[in-house]
Number of protein chains: 2
Amino acid sequence: MGQKLSYDDSKIYEFTPDLEAALTVESGDSVTIETADSLEGAVMDDDDVLEEVPEEVNAATGPIAVDGATPGDILAVHIDDIRLTESAGRVVTLGGFGLLDGHEEIEAPRSRMTPIEDGALEFGGCEVPVDPVIGTIGVATREDEPGYTTLVPHDHGGNLDTTDITTGTTVYFPVNQPGGMLAMGDCKAAMADGEMCGTGAEIATEIDVTLEVIEAPAVDISRPLLETADAWKTVASAETLEEACEIANWDLIDLLVAEHEFDETEAYMFSSLVGGLEISQVVDPLVTVRNAMPKAYLSSPF
Amino acid sequence: MGQKLSYDDSKIYEFTPDLEAALTVESGDSVTIETADSLEGAVMDDDDVLEEVPEEVNAATGPIAVDGATPGDILAVHIDDIRLTESAGRVVTLGGFGLLDGHEEIEAPRSRMTPIEDGALEFGGCEVPVDPVIGTIGVATREDEPGYTTLVPHDHGGNLDTTDITTGTTVYFPVNQPGGMLAMGDCKAAMADGEMCGTGAEIATEIDVTLEVIEAPAVDISRPLLETADAWKTVASAETLEEACEIANWDLIDLLVAEHEFDETEAYMFSSLVGGLEISQVVDPLVTVRNAMPKAYLSSPF
């Protein structure tokens, strides 16, 4: 307990198969992780604009090895708390990025600081409750995979930009490499599902997590899986939203088949009645979708 | 008051510019509309399977003209109640339809009746609370548009398959033709966001709506707009989810600009912080997405 990893100690810009641990902990340990904002202080004022996506972006603090985590295990990351460590976030547009990129009505680059006071951020006279999101969180990739920069979401996690990745949620990752090698950063003080302009209110944080290795899980997962207060959510990233929907739906079908006396077709039908598809983000190099199922119909698969 | 239109009286399978009214009401009137299930009784048993999507499907009861509704006005449809009029719904797969169409693990055609008792439907031992959805609801199309069958969602509404179109919601449509010419059907006892297998639990209903013409609205809308208990949601249908996201986001930006002292870029940034993109359905000939904004940040645009 009391272990802490700061952004200055170790950060990565790529999730690869061969990450080296900056910190090693035991299963069951809690760790505090300090993260910079995704732009690492490049935007501290509305006048600080970015002409393009920086080559290095979304610094992920880590990697953290969990002793004994072995390929085939699952790494459970319980998000205990996310504390903002700046008094303002920033929202930016920049050329070549964002859902409405290239439309003449949208000015890019532009930056907007969002001051935060009493648990709310201010934007154009509107007060928005702070609801932190960890944008980038992932583990070392599989041996047969390339590395993915921290701008990309994929099966190892990475730039998932998913609002459910917040305090109280547990994120389950496949362990691809010994130790798992967890890293995270790119937090937002608030973010909409979709992250349309390309950012939320990007901000530095301290995150408390408890890490747990699940050995010989009853069900294998190929991608991140979320457990929120009331639902299980599969998470899939792909070239198109349609493809991501297909993958997220299959992953949910597999979980339903493992728990219920359903065949795949029945699970597919059931998934068409309850819970449903949700959009995480539509702006990163791959887009991300989740498929939710209330806990009333799905218990822990592990 | 007390006006009723039954499915036997009048139904349509295409929304066109030149619909003829089956019933004419005054602005402010309430009407009860009887709807058949989307397959009109073709599936009454698990053994009733469908080889393909019927040529006529999603019968929409109507059209209802609202006296005085004129192109440029908005037709507000307040959904007061949806009552199921069958004791079971049905979920089906059929070849050529559905998110996972063509995968060998998915059997198509298959049909599954979902018995309903005490406000819950039963599927494979799971009880799912009834939460009715109007799948198809729309008005006559614009003069410059073709007709759209009731299988297609577009700017006039149609097969939107949107879970928010339920009791308590108001759906706002652009009036494209004199009288508006409202029709609806294709209800589900329950449906997941996405409607992945191609149906919810399709079921016959009686729907109570109150119709209101908004003359000279302060803001024009080109597509359906939803008002739920706590949010405004733009709704857009397009060939791809990405395109639908763009349209839904633009429509929301227009509403934010009309209310706040935002330019388009500020509204875009704000939309990236609060509310967000939601999936309605991924299976119809065009797919449907919505962009939600909590009422705390958007009041009635009209």
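Predicted model: local features only at pLDDT ≥ 70, side-chain atom pairs only at ≥ 80, totals over all residues.
Colleague: What rotation superposes chain B on chain A?
Modeller: One of 180 degrees, with 0.0 Å of shift along the axis and an RMSD of 0.0 Å. That's the relation of a two-fold axis. The same surface serves both copies, too: 100% of the contact residues of chain B recur in chain A.

Colleague: OK, sheets. In what order do the strands of the open sheet in chain B run?
Modeller: The order is S8-S9-S10-S11, 4 strands with antiparallel pairing. S8 (88-93) and S11 (126-129) of chain B stand at the edges with a single partner strand each, so one side of each has no neighbour in the sheet. On average, neighbouring strands in this sheet are turned by 30 degrees against each other, ignoring direction.

Colleague: How many bridges join S9 to S10 in chain B?
Modeller: 2 bridges, between S9 (residues 110-117) and S10 (residues 120-123), and the two strands run antiparallel. B:Glu117 stands opposite B:Ala120 of S10(B).

Colleague: Which helix of chain A lies across that sheet?
Modeller: H2 of chain A, residues 264-271. It lies across S8, S9, S10 and S11 of chain B and runs at about 50 degrees to S9(B).

Colleague: How many residues of H2(A) are buried?
Modeller: 7 of the 8, so H2(A) is largely enclosed by the rest of the structure. The buried ones are A:Thr265, A:Glu266, A:Ala267, A:Tyr268, A:Met269, A:Phe270 and A:Ser271.

Colleague: What do those buried residues pack against?
Modeller: Parts of both chains: helix H1 (241-259) and strand S22 (287-294) of chain A, together with S8, S9, S10 and S11 of chain B.

Colleague: What's going on at the start of H2(A)?
Modeller: A side-chain oxygen of A:Asp263 reaches to within 3.1 Å of the backbone nitrogen of A:Thr265 there.

Colleague: Switching to S16 of chain A. How many of its residues are buried?
Modeller: 5 of the 5 residues of S16(A), 170-174, are buried, so that strand is largely enclosed by the rest of the structure.

Colleague: Which residues sit on which side?
Modeller: A:Thr170, A:Tyr172 and A:Pro174 are on one side, A:Val171 and A:Phe173 on the other, and both faces are covered. In a regular strand, side chains alternate between the two faces of the sheet.

Colleague: Which strand is joined to S16(A) by 5 bridges?
Modeller: S7 of chain A (residues 74-84), running antiparallel to S16(A). A:His78 has A:Thr170 as its bridge partner. Then 3 bridges join S16(A) to S19 of chain A (residues 225-227), also antiparallel. In that pair, A:Tyr172 is partnered by A:Leu225.

Colleague: Now A:Thr234. Is that residue buried or exposed?
Modeller: Buried, with a relative accessible area of 2%. A:Thr234 lies in strand S20 of chain A, residues 231-238.

Colleague: What is A:Thr234 in contact with, sequence neighbours within four places aside?
Modeller: The list is A:Pro224, A:Leu225, A:Ala248, A:Asp251, A:Leu252, A:Leu255, A:Val289, A:Arg290 and A:Asn291. The backbone oxygen of A:Ala248 is 2.8 Å from a polar atom of the A:Thr234 side chain.

Colleague: And A:Ser30, buried or exposed?
Modeller: At 18% relative accessible area, A:Ser30 counts as buried, because the cut-off is under 20%. A:Ser30 is in strand S5 (residues 30-35) of chain A, and its side chain makes a 2.8 Å polar contact with the side chain of A:Thr210.

Colleague: Last one: which side chain does B:Gln3 make a polar contact with?
Modeller: B:Asp29, at 3.1 Å between the two side chains. B:Gln3 is in strand S1 of chain B, residues 3-5. Residues up to four places away in sequence aside, B:Gln3 also touches others, including B:Leu23, B:Val25 and B:Val31.

Terms used. Residues numbered from 1 in each chain as written. Chains lettered and ligands numbered in written order. Heavy atoms only, no water. Pairing = 2+ DSSP bridges. Axes fitted to C-alpha atoms, helices over the stretch in contact; angles between N-to-C directions. Contact = heavy atoms within 4.5 Å. Least-squares fit on C-alpha atoms with pLDDT ≥ 70 in both. Buried < 20%, exposed > 50% of the residue type's maximum accessible area, 1.4 Å probe, protein only. Polar contact = N/O pair within 3.5 Å; in protein donor to acceptor, adjacent residues only side chain to side chain.
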